[in-house]
Amino acid sequence: MPKYELMPIGAFAQRSGLTSSALRFYADSGLLPPAEVDPVSGYRYYSTDQVARASVLRRLRELAMPLVAVEAVLGSGADEASRLIDEHVAKIVGDAAAVQQKAAVIKAALGTGPGLPIAAVMGPVLADAVEQVLTAAAHEPGMPAVGGLRIEVGHESVTLTATDRYRLSTRTLVPAEPPSQTWAGTVNGDELRAAVAAIRRSPLVRLDAVSNGIWVRMADREDRHCRLLPGEYPDHRLMLASLGEVSTRATVSKDLLLRALEEHPGERIGLHVADDGVSVVSADDGHPDIPLPAAVAGRAVQIWFELTTLYPAVSTAIGPDVLLDLRGHDQPVTIRSADRGDLTTLAMPIKPDHST
């Protein structure tokens, strides 16, 4: 290979983002041998053709991938390499979740004493409710509470609420046993979501409150601890209480509405509600409206949403039909199950000019 196509190890280190010591290590391990070694001086030279391989090697090591796995990826085709990377990332994520849970258990056990029993709920029902309601949670800088699930225990009910301020979802559960006292707190949504699979397989789940969170107690399964989030929770009760009068009510098939939303292009969706039904409309005149049969009462209205706001609100509804309570083009829409009132979602519209 002509000398001018080679570069010394220092220059190659700058091009590849690897240090000279790392290049020597990868050369000795056989992952990235130099293109040429001067037999007299021992200087190592690399080809410009090796920059791409070195860059991929560096990125794989940044993923904490072991050398054996790196070698397998570098020696594979694109499809197999992608599979190996996904497999490694899944293992890392699983290990991190396990470590996070163990750390939470250790911290919870430091000086907290026994938990205070607050509620007992059927496991499958609680798991479904957590998944449904948490779709409205979000991670917002400076507002950690909106990333959690608000749990409020009364003498006759357990209410779960989540909101990202553009959407609010709340569901009320009937406890398996009457709660002995009231309690309220905002629980870490990610930690509770990670426990859903175990909760769903438990016939009965007991919730115990401790100073820094709650314990999810499950028979024949390891207890899970979920931390309380700092900061005040948005006043969702005031939001619900201050809703205006419903001017239009529509009952529409959940599956048909979801299918129309999935088939509709664009990030913004319009709903035109009139006597003849509900139509999913587009801001693009070139795309036809999608009419849906619906039972409608009240005045005609057209209202616009971000797809990421409306779709989850509809998809989490219980039962075959959804009930839409509309108050005008600029007011929140209440989305409920037509035959089940214990799950309610508010979806905030956008302005007709599509500004938020």
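View 1. Helix 6 (123-134), strand 5 and strand 10 (213-218) each supply at least two residues of the lining of the largest cavity. Helices (H or I, at least four residues) and strands (E, at least two) are DSSP runs, numbered from the N terminus. The model is predicted, so local features need pLDDT of at least 70 and side-chain atom pairs count only at pLDDT 80 or more, while totals for chains, interfaces and linings use all residues. Residues are numbered from 1 along each chain as its sequence is written, and side-chain values use heavy atoms, with hydrogens and water left out.

What lines this cavity? Look for L126, V130, L149, I151, L160, L192, I199, L207, I214 and V216. The lining has 10 nonpolar, no polar and no charged residues (Ala, Val, Leu, Ile, Met, Phe, Trp, Tyr, Cys and Pro count as nonpolar, Asp, Glu, Lys and Arg as charged, and the others, Gly among them, as polar). The volume of the largest cavity is about 40 Å³, and the count comes to 1 cavity of 30 Å³ or more. On a 1 Å grid over the protein atoms alone, a cavity is a set of points where a 1.4 Å probe fits but cannot get out, and lining residues have an atom within 4 Å of a point. Grid points are joined across faces, edges and corners, and a volume is the space filled by probe spheres set on the points.

View 2

Strand 8 meets strand 5 (residues 148-153) through 6 bridges, and the two run antiparallel. G148 has N188 of strand 8 as its bridge partner. Is strand 8 largely enclosed or left open? In strand 8 (residues 183-188), 5 of the 6 residues are buried, so the strand is largely enclosed by the rest of the structure. Buried means under 20% relative accessible area, exposed over 50%, partly exposed in between (1.4 Å probe, protein chains only).

View 3. Axes are lines fitted to C-alpha atoms, for helices over the stretch in contact, and angles run from 0 to 180 degrees between N-to-C directions; contact means heavy atoms within 4.5 Å. Strand 19 (residues 333-337) and strand 20 (residues 343-347) are antiparallel and joined by 4 bridges. Within this pair, R336 has T344 of strand 20 as its bridge partner.

View 4. Another open sheet has 3 strands in the order 1-3-2, paired antiparallel. Strand 1 (6-8) and strand 2 (36-37) are at its edges, each with a single partner strand, so one side of each lacks a neighbour in the sheet. Strand 2 is joined by 2 bridges to strand 3 (residues 44-47), where Y45 stands opposite E36. Helix 1 (residues 9-16) lies across strand 1 and strand 3, at about 100° to strand 1.

**View 5. Two loop residues have a positive phi.** A64, which is not a glycine, has a phi of about 60°. A64 sits in the loop between helix 3 (51-62) and helix 4 (67-74), and is exposed, with a relative accessible area of 52%. D220, also not a glycine, has a positive phi of about 65°. The loop between strand 10 and strand 11 (224-227) holds D220, which is exposed at 84% relative accessible area.

Key: Two strands pair if DSSP finds at least two bridges between them. On a 1 Å grid over the protein atoms alone, a cavity is a set of points where a 1.4 Å probe fits but cannot get out, and a pocket is an open set with protein on both sides within 12 Å along at least five of seven lines; lining residues have an atom within 4 Å of a point.
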